[in-house]
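Here is a short note to read beside the model. Keep the sequence and the 3D view open as you go through the points.

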Amino acid sequence: MANRSFILLAIVAVITGMGVAWPALYTVGLCLLVLVVALIALDAAMLFARGGVEASRSCAERFSNGDDNEVQLHIHNTGWLTLHMQVIDEAPVELHRRDLAFSLTLAAGAKHAIKYVLRPVRRGLMAFGDIVVVASTSLGLAQRTFRCKAEQQVKVYPSFMMLNRMEILSVSNSLVEAGIKRIRRVGNNTEFEQIKDYVQGDDYRTINWKASARRHQLMVNVYQDERSQQIYSLIDKGRLMQQAFHGMTLLDYAINAALVLSYVAINKDDKAGVMTYAAQFDTFVRASRQHGHMQTILENLYHQQTEFGEPDYAALCKQVNHYVNRRSFVVLFTAFSGMSDLNRCLPYLKQMNNRNRLLIVFFDDVEMRQLIDSPMEDTLDYFHHVSAERYQFERRLIVSTLRQNGIFSMLTTPDQLIVNVVNRYLEMKSRNQLT
């Protein structure tokens, strides 16, 4: 029964009870009780007579982590009465959404589509449940619950929607609106292409004298702009990367940034690859720009999870030297707890930087900044401010220490990570600093 029925029955009970003092009201109460029960029976008979409600869900097979993913519910009133409905979608438990209840009224035979968005904050497999529809007639005295089978599983991948947005922006020349700067390339980096016969107008500085002596005619080297540099995203999966910001872990922010950086690098004619590590060197995707390589990177990043152990930088340095066979640009996404953490791994970072161009990206704490800017009212507030300022000072000291050791670094907030990393890559590429 519906709430309206219980309210009417409660009113009838009160009137009947008042019959103890006024006997006439007892008779009235009995008559009202018969009437209410008859109306409830009539309403239930109409509601359960024939027809019903059909519901289905449509959404993508893959969700994009950290983005708004659209879901549609299709409701069809197959009965012969106008129904008032409460539609409840059983969303995946990982999303903690218990507010997916929608009210609507559908005439007999009518259809309606409900649209809403879900924003997952973790990668992996998620399962939808059924769609529950609680229907009632205009009388509202009885309710009928329809459980429509709609179980469905979706995979949450790293933020591929960001790739789609960047592709659209690049076509419309609107990357600046997304925060990506236009960088003018400085200098001219070239690589050897072929040897050809000298023709008038060729630069005499490109004459290949050895080839000319063998052929007994002038031969010149032909160069083209260097277009294929190796860009590796090296992602830390240690315990510090489990910290959360707006519901997403630092690891997820790093994975999304690595995916976008790889996409931009490939579109800039560079080769993109991915490496992950924690207590041991884990995943390695060799740098490439072949067709379908982005899908390979996406599939490898989909399964990554943080670990509780500390990263082994000695093993990492050894494996990077083994797998990366030419000087490359390596972007290391990590998190430092403080200077002691940096000092522990600094010798290995210096060794990696000697063989490659290393850019270390680590995270700033937004809440610490907000705490420093907040007013101080008592002794406890002063203590918190001092602790936060010390934390920020160590962050600046880490940047300074890395710079003194010839290592590029970038301190950024998680929400600005993608834009800042892409801009830094473009800036270093324009200055020929990638290798």
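Is V28 buried, partly exposed or exposed?

1. V28 is partly exposed, at 39% relative accessible area. Buried means under 20% relative accessible area, exposed means over 50%, and partly exposed is in between (1.4 Å probe, protein chains only). V28 belongs to helix α2, residues 23–49. Helices (H or I, at least four residues) and strands (E, at least two) are DSSP runs, numbered from the N terminus. Together with L32, L35, L39 and L42, V28 makes a nonpolar surface patch of about 380 Å² accessible area. Patch residues have over 30% relative accessible area and no salt bridge; like charges are joined within 9 Å, nonpolar side chains (Val, Leu, Ile, Met, Phe, Trp, Tyr) within 5 Å. The areas come from the Shrake-Rupley method with a 1.4 Å probe, and for residues only the protein chains shown count as cover.

2. **What kind of model this is.** The model is predicted: local features need pLDDT of at least 70, side-chain atom pairs count only at pLDDT 80 or more, and totals for chains, interfaces and linings use all residues. Residues are numbered from 1 along each chain as its sequence is written, and side-chain values use heavy atoms, with hydrogens and water left out.

3. **Aromatic pairs.** The whole structure has nine aromatic pairs. Rings of Phe, Tyr and Trp (its six-membered ring) pair if their centres lie within 6.5 Å; planes under 30 degrees apart are stacked, over 60 edge-to-face, the rest tilted. One of the pairs is F336 with F362, which is edge-to-face, with 5.5 Å between centres and 65° between planes. F336 sits in the loop between β18 (329–333) and α8 (339–355), and F362 in strand β19 (residues 357–363), so this pair ties together parts 26 residues apart in sequence. Both F336 and F362 are buried. Elsewhere, Y232, F281, F284 and Y323 form one aromatic cluster.

4. **R62 over two rings.** The charged end of R62 sits over the ring of Y157, 5.0 Å from its centre. R62 also lies over the face of F160, at 5.0 Å from that ring centre. A charge sits over a ring if NZ of Lys or CZ of Arg is within 6 Å of the ring centre and within 35 degrees of the ring normal.

5. How many salt bridges does the structure hold? There are 15. A salt bridge is a side-chain nitrogen of Lys or Arg within 4 Å of a carboxyl oxygen of Asp or Glu. One of them joins D252 and R123, at 2.6 Å from N to O. D252 lies in helix α5 (residues 250–267) and R123 in the loop between β6 (111–118) and β7 (124–128), so the bridge ties together parts 129 residues apart in sequence. D252 is buried at 3% relative accessibility. R123 is buried too, at 8%.

6. D130 and R147 form a salt bridge of 3.3 Å, N to O. D130 is in the loop between β7 and β8 (131–136), and R147 is in strand β9 (residues 144–148), 17 residues apart. D130 is buried, at 4% relative accessibility. Salt bridges link E90, D130, R147 and K149 in a network.

7. **R289 and D269.** These two side chains meet in a salt bridge of 3.0 Å, N to O. R289 is partly exposed, at 39% relative accessibility. D269 is partly exposed as well, at 22%.
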